[in-house]
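Please look over the model shown here before reading the numbered points. They go from single residues to the whole chain.

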Amino acid sequence: MRYVYVTGYLAVAAIIQLFTGNFPLTFMSFPLNIVFAAIWLFIVWRLYKESAHSRFTRFLLSPQTSILSIVLFIAASLVIGLFPQLSDAEAAMRSGVLASLGCYNFMTSWIFIAILFLLLSNLAMITFHAAYHRKSARWRFLLNHVGLWLALFAGFFGSSDTQVLRIPLYKGEPAREAFDMNGASYYLDYEMELRSFSVEYYPNGRPSRFAADVRLGNEETVLEVNHPYSYRLGEDVYLTGYDMAGGNDSKYCILQVVVQPWKYVMVTGILMMLAGAVLLFINGPRKKV
């Protein structure tokens, strides 16, 4: 019956997606995502403590549910990989059933959220069960499962607090105005200014390295492609483009500012999983009790 329940659950998510469009992820920005997580975990804990023998609790504790939710999550990841993931404005221009189901912006679709919610609820339930009943291998089990829960939750629900902004900088002209992927304008709380720009070339004439000497607030730094500068905790600045025709005489460059307040929560989750894997390697497979 669990397959019937899950099919019906996803069908409801698909219907909501068809009639309302993608989930408004910005609604879940701080502090609502924290409040939601606390209430959600409290409900799962109470279900485990007060209704341990109910059909729903047994469903969430079932290994088959774990396998099913992981398979669904992999399938959702394949959708994200196979379809181009577009901005909200670009996705809205697409038509057809696939577009209506949110395939071109799948991470904010109701279907993806339903799958992730099922996986995280299953993880939370079996983690509570392990905390109360496991004797051997308890810590490595908890490290792996709590770490995975944190990484997935921070990676998705924390993304509502993530901002990706681009700002064009012209030499000698301080600027604060940046733009998101949908073209909306934002003003930074510090100035940026391009001091100079340099390009190095391969013998065939292709650029091998380009770097911008910039001022970020009161700090001076050199930015290179794929070498972000950590301006503040959870805020990185990237060099993404320049006037290719101008070369060393380029009058402007384009910087990208990525603000990820949940970045280190996700890193903590990953480190917890690594610690659990190390304990598994050191102690070997868990013994039955």
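1. N226 sits in the loop between β5 (219–224) and β6 (229–232); strands are DSSP runs of E with at least two residues, helices are runs of H or I with at least four, and both are numbered from the N terminus. Although N226 is not a glycine, its phi is positive, at about 65°. With a relative accessible area of 68%, N226 is exposed; the term exposed stands for over 50%, buried for under 20%, and partly exposed for what lies in between (1.4 Å probe, protein chains only).

2. A note on the basis of these values. The model is predicted, and local features need pLDDT of at least 70, side-chain atom pairs count only at pLDDT 80 or more, while totals for chains, interfaces and linings use all residues. Residues are numbered from 1 along each chain as its sequence is written, and side-chain values use heavy atoms, with hydrogens and water left out.

3. P31 belongs to the loop between α1 and α2.

4. S87 is in the loop between α4 and α5 (88–92). Is S87 buried or exposed? It counts as buried, at 15% relative accessibility. Neighbours within four places in sequence aside, S87 is in contact (heavy atoms within 4.5 Å) with N105, M181 and N182.

5. Q256 is part of strand β8 (residues 252–259). Its relative accessible area is 14%, so Q256 is classed as buried. The side chain of Q256 makes a polar contact of 3.0 Å with that of R166. A polar contact is a pair of N or O atoms within 3.5 Å; within protein, one must be able to donate a hydrogen and the other to accept it, and residues adjacent in sequence count only if both atoms are side-chain atoms. Beyond four places in sequence, Q256 also touches residues including V164, L165, D236 and Y238.

6. T268 lies in helix α9 (residues 263–283) and is partly exposed, at 39% relative accessibility. Between T268 and G147 there are 7.2 Å in space, C-alpha to C-alpha, for a separation of 121 residues in sequence.

7. Which residues have the most contacts inside the largest nonpolar core? They are L116, L120, W149, F153 and F157, in a core of 41 residues. A nonpolar core is a set of buried Ala, Val, Leu, Ile, Met, Phe, Trp, Tyr and Cys residues joined through side-chain atoms within 4.5 Å. Elements giving two or more residues to this core include α1 (2–20), α4 (63–82) and α8 (138–156), and α7 gives the most, with 14 residues. L116 touches F73, L152, F156 and F157, if residues up to four places away in sequence are not counted. Another core, of 23 residues, lies apart from this one and has L165, L169, C253 and L255 among its members. In soluble globular proteins, nonpolar side chains tend to be buried together.

8. For the protein as a whole, there are nine helices and eight strands. Of its 289 residues, 39% count as buried. The C-alpha atoms fill a box of roughly 70 × 50 × 40 Å, taken along the principal axes. Among contacts with a separation of 6 or more, 59% come from residues 24 or more positions apart.
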